[in-house]
Each structure stands twice: as C-alpha cells, then as structure tokens.
Amino acid sequence: MNKQYRTLLEAIESKNAVLGVVGLGYVGLPLAVEMVKQGFKVVGIDLDVSKIDRIQRGDSYIHDISNETLAEVMSSGRFKPTTDYASLREIDAISICVPTPLSENQDPDTSYIVTVVEQIKRYMKKGILITLESTTYPGTTEELIQQELERLGHTVGEDFFLCFSPERVDPSNTKFNTFNTPKVIGGTTESCLALGNALYSKYVETVVPVSTPKVAEMSKLLENTFRSVNIAFINEMAMMCDRMGIDIWEVIDAAKTKPFGFMPFYPGPGIGGHCIPLDPMYLSWKAKGFRFYSQFIELAQSTNDNMPYYVVNKTSKILNEYAKSIKKSNILILGMAYKPDIGDLRESPALEVYELYKDSGAAVEYYDPYATSFRDKNGVTVQSMEYDLDKFKSYDCIVLVTNHSNLDYGAIAHLGVPIVDTRNAFRDFRQPHIYKIGHSVQHVEQQDEALIVG
C-alpha cells in the first residue's frame with residue numbers, strides 16, 4: 001500500500017482524520033452528528049444558508065436530531081457547518097449526501113452530484129477518500145467521479161480513494177438509526193474498500209463490504225424496488241377487493257398469521273419520500289441502456305401513481321351517498337406528510353390528492369401537526385388549519401391521508417362527518433360514515449347494519 005493509503009488509515013484509526021459531509025439533509029446531518037459523537041472533527045457543507053444558520057443555533061430541522069443533540073454537537077467544537085466548498089482543502093474523507101431527483105421526464109437528475117465533483121476537482125486534498133451515499137444508478141460512482149478525477153491525471157487507489165455506500169435512512173424510525181443500521185459499502189479498488197470499511201466502522205455498528213461500487217449501488221435499488229413492487233401489488237389487491245366487496249385489511253391480517261412465506265404490505269393513497277417513488281426509475285432508466293425493459297418496475301410505478309386518483313374517485317362515490325358531489329364540497333385532508341409523525345413532504349401522495357380535489361372544484365383545507373405549510377402547483381403557500389373539532393364538523397368529508405399517532409381518532413370518528421380512511425387508522429371504529437380504501441362502500445353499510453341487527 002502506498003504512502004497516501006497508510007497516512008489516511010493512521011488518521012482514521014487515531015480519529016485525527018478531518019471528515020466532510022456534503023448535503024446536510026435527512027441523510028447528511030444525522031451522519032455528520034454521528035461522526036462528531038464518535039470523536040471526529042467534521043466539516044458539513046450545504047449551500048442552503050438557512051440550514052447552516054439553524055445548525056449553528058442548535059435548531060434542528062431534522063426530526064430524528066433533537067435540538068439538544070445538535071446543541072451538544074456544536075458545543076463540542078468539532079463540527080463546522082459552512083457553505084464554502086474551499087473547506088475541502090482540509091478534509092481527509094468526504095461523504096456525498098446530495099439529492100438525486102428525477103427530471104420531468106422521469107430520467108435521473110445527477111446535477112447535484114456533478115456540482116460536488118466539480119468542487120472536489122477544484123479543492124481536493126491529495127489522498128482523500130470520497131464516498132458517494134446518494135442513491136443513483138449502477139455505474140454512477142465510476143462514471144461521474146472516478147472518470148472525472150482521472151481526466152485530471154489522478155489515479156484511483158493511489159492519489160484518491162473512492163467508494164459507494166448507499167444511505168439507509170428511515171425518518172422517524174425509533175429503532176434503527178445511522179449507528180445501528182448495517183451499512184453496505186463497495187470500493188473501486190481493494191485499498192479503497194479497506195479505507196472505506198475502516199472509516200465507516202468507526203461510526204456504524206455493522207459494515208457490509210461488497211466487491212464493487214456497482215453492487216452497492218444496485219443493492220440500494222433492489223431494496224426500494226422490492227418495496228415499490230410489493231406496495232403496488234397490495235394497492236391493486238385493495239382495488240380488487242373494493243370491487244369484490246371484500247375488506248383488504250381483514251384479508252392482510254388473516255394472511256400474515258402464516259409464520260413463513262408471507263410478508264405483509266399495506267395499501268395507501270400512493271407512495272412518498274425520496275426513495276420508493278424515485279429509485280426504481282433510476283434502475284429502469286439504466287436497464288434500458290442494456291436493451292432491458294423492466295415491466296415490473298414500470299407497472300408498479302403506474303399502479304402507485306394512480307392511487308391518488310382512486311382515492312378521489314372513492315371520495316366521489318361516498319359523497320354521492322349523501323347526495324353531494326366533489327364540486328363545491330368542503331373537504332378536509334388529515335395529514336400532508338408522506339409518512340406518520342414527521343413533517344417530510346417529499347413526493348407525498350397527499351399533495352397530489354389535494355390538487356386533484358381542487359381540480360374537481362372542491363374547497364380543500366388540511367390539518368397536519370408536523371407539516372404546517374406547503375406550496376401548491378401554482379407556487380401558492382398553503383397553511384395548515386388549526387386543530388378544531390368544531391370546525392372539522394362543518395366539512396362535507398374528511399380524508400385521512402397520513403395516520404399521525406397524535407390524532408384523536410375517536411373524537412374525529414364521533415363527529416359524524418363522512419370519513420375516507422386511506423390507512424385503516426379508524427380500524428377500531430365501525431360507524432357507517434367511516435369508509436376505508438380496499439373495502440366497498442355498499443359492503444361497509446351492509447356489514448354495519450348486520451352488526452346492529454345482531
């Protein structure tokens with residue numbers, strides 16, 4: 001092993017290496033915090049000035065990082081948040097955690113990675129370890145980082161070291177965090193992998209080395225495509241059960257009693273977050289370059305994308321039962337975030353549901369204790385209303401999209417307002433005005449009448 005390798009390995013083992021994190025969002029900030037907690041000096045780079053200001057004040061914008069934790073990290077003197085890429089000159093190992101969205105044509109947008117690489121080319125320190133964590137297509141690490149640096153005359157494994165280690169962040173998960181979630185990592189050379197493994201082992205409990213960056217990149221896409229396909233399947237089953245007069249939620253509860261060969265997935269109004277709606281399309285796009293067309297991915301994406309339309313159509317049928325139409329009805333959406341107990345709006349299906357109701361002529365408001373505002377498709381800021389049961393009672397229909405745990409489902413159920421439940425959050429309440437997706441309107445009424453007679 002060359003001098004650059006030995007010098008960096010010694011710095012990692014002694015925790016004298018200066019670490020860097022580019023992108024201080026849901027992945028980058030928790031990672032930087034864990035690095036500091038394990039004794040490293042960390043430089044965090046993000047171009048959003050407001051984020052840097054909040055970090056310096058100890059004011060966390062990430063649900064999983066408390067203000068107290070952030071304040072402790074800042075008081076350690078080992079965390080330097082900045083907007084200045086020139087700080088790369090002092091960094092020995094850097095983790096890239098920038099967004100990788102899709103374009104309007106559903107193609108990968110790697111512009112954030114390209115921007116970071118341009119700055120690395122300008123300021124990189126010789127012997128630096130670069131690890132890409134942003135989810136992307138197989139081959140990105142070599143194509144966008146290795147080849148670009150080699151064009152400048154640098155040799156991977158000698159002048160710089162390169163790995164890919166996919167993020168596995170699950171916001172609001174109280175069991176798994178940055179430290180105890182196993183971390184897959186693939187290196188471009190043996191020395192790259194050895195350094196990456198040595199570094200991540202210092203602040204991640206379990207590191208899983210794989211043979212190449214492509215394997216690591218593909219593993220992330222496999223994880224999320226698996227979820228996308230299975231969610232799409234259960235969403236289709238929900239629509240089938242709706243048509244057949246069968247309760248999909250009862251079916252799932254029965255099926256999951258099997259102790260082998262079955263894993264429960266649950267239907268919903270669509271899919272949200274940064275991973276499941278986007279990652280499978282990265283894989284589908286890359287596969288087309290090999291003349292391989294993934295029917296499963298495309299079908300799953302289409303099925304999940306159509307769930308907001310199913311929710312709106314079901315709402316229309318329910319309102320018809322009360323001699324009303326969506327047009328001019330007053331509709332309240334409960335929950336705008338993409339998952340419970342956080343304020344994350346990324347790709348949230350509630351945003352699409354909101355726009356579809358508006359397009360249908362409804363007057364729509366929403367309540368979310370975490371996501372207090374969002375911008376609609378016209379760029380207008382929409383504010384969450386205050387929690388007010390008396391006000392809730394005035395709506396023609398309430399649509400539960402996000403099942404936050406702090407909602408008083410009993411009180412809301414007893415308002416008597418027609419409820420469209422997309423998450424089975426009102427499972428303990430059998431009033432005839434509560435309707436679930438994956439369960440026909442007529443069947444709900446018949447079942448409740450039978451219960452009353454019984």
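## Values and cut-offs in a predicted model

Biologist: Why does T140 count as buried?

Modeller: Its relative accessibility is 0%. Buried means under 20% relative accessible area, exposed over 50% and partly exposed in between, with a 1.4 Å probe and protein chains only. T140 is therefore on the buried side of that cut-off.

Biologist: Good start! What should I keep in mind about the model itself?

Modeller: This is a predicted model, in which local features need pLDDT of at least 70 and side-chain atom pairs count only at pLDDT 80 or more, while totals for chains, interfaces and linings use all residues. Residues are numbered from 1 along each chain as its sequence is written, and side-chain values use heavy atoms, leaving out hydrogens and water.

Biologist: Where is T140 found, and which residues does T140 touch?

Modeller: T140 is in helix 6 (residues 140-150). Helices are DSSP runs of H or I with at least four residues, strands are runs of E with at least two, and both are numbered from the N terminus. Setting aside residues up to four places away in sequence, T140 touches I113, L132, I145 and E217; contact means heavy atoms within 4.5 Å.

Biologist: What makes helix 7 a mostly covered helix?

Modeller: In helix 7 (residues 190-200), 8 of the 11 residues are buried. Among them are C192, L195 and Y200.

Biologist: Which residues does G157 touch?

Modeller: Beyond four places in sequence, G157 touches N2, T189, S191 and C192. Of these, S191 and C192 are buried residues of helix 7. G157 has its place in the loop between helix 6 and strand 6 (160-164), and it counts as buried because its relative accessible area is 13%, against the limit of under 20%.

Biologist: Why is I331 called buried?

Modeller: I331 has 0% relative accessibility, so it is buried. This residue lies in strand 9 (residues 330-334). I331 and I419 are 88 residues apart in sequence and 10.0 Å apart in space, C-alpha to C-alpha.

Biologist: How do you know that the radius of gyration agrees with a compact globule?

Modeller: The radius is taken over C-alpha atoms, and the globule rule is 2.2 Å times the number of residues to the power 0.38. For 454 residues a compact globule would have a radius near 22 Å; the protein chain has 25 Å, which agrees.

Biologist: Into which domains is the chain divided, and how many residues of each are in contact?

Modeller: There is domain 1 (3-210) and domain 2 (212-453), with bounds from an automatic or database domain assignment. Their centres, taken over C-alpha atoms, are separated by 34 Å, and 32 residues of domain 1 are in contact with 28 residues of domain 2.
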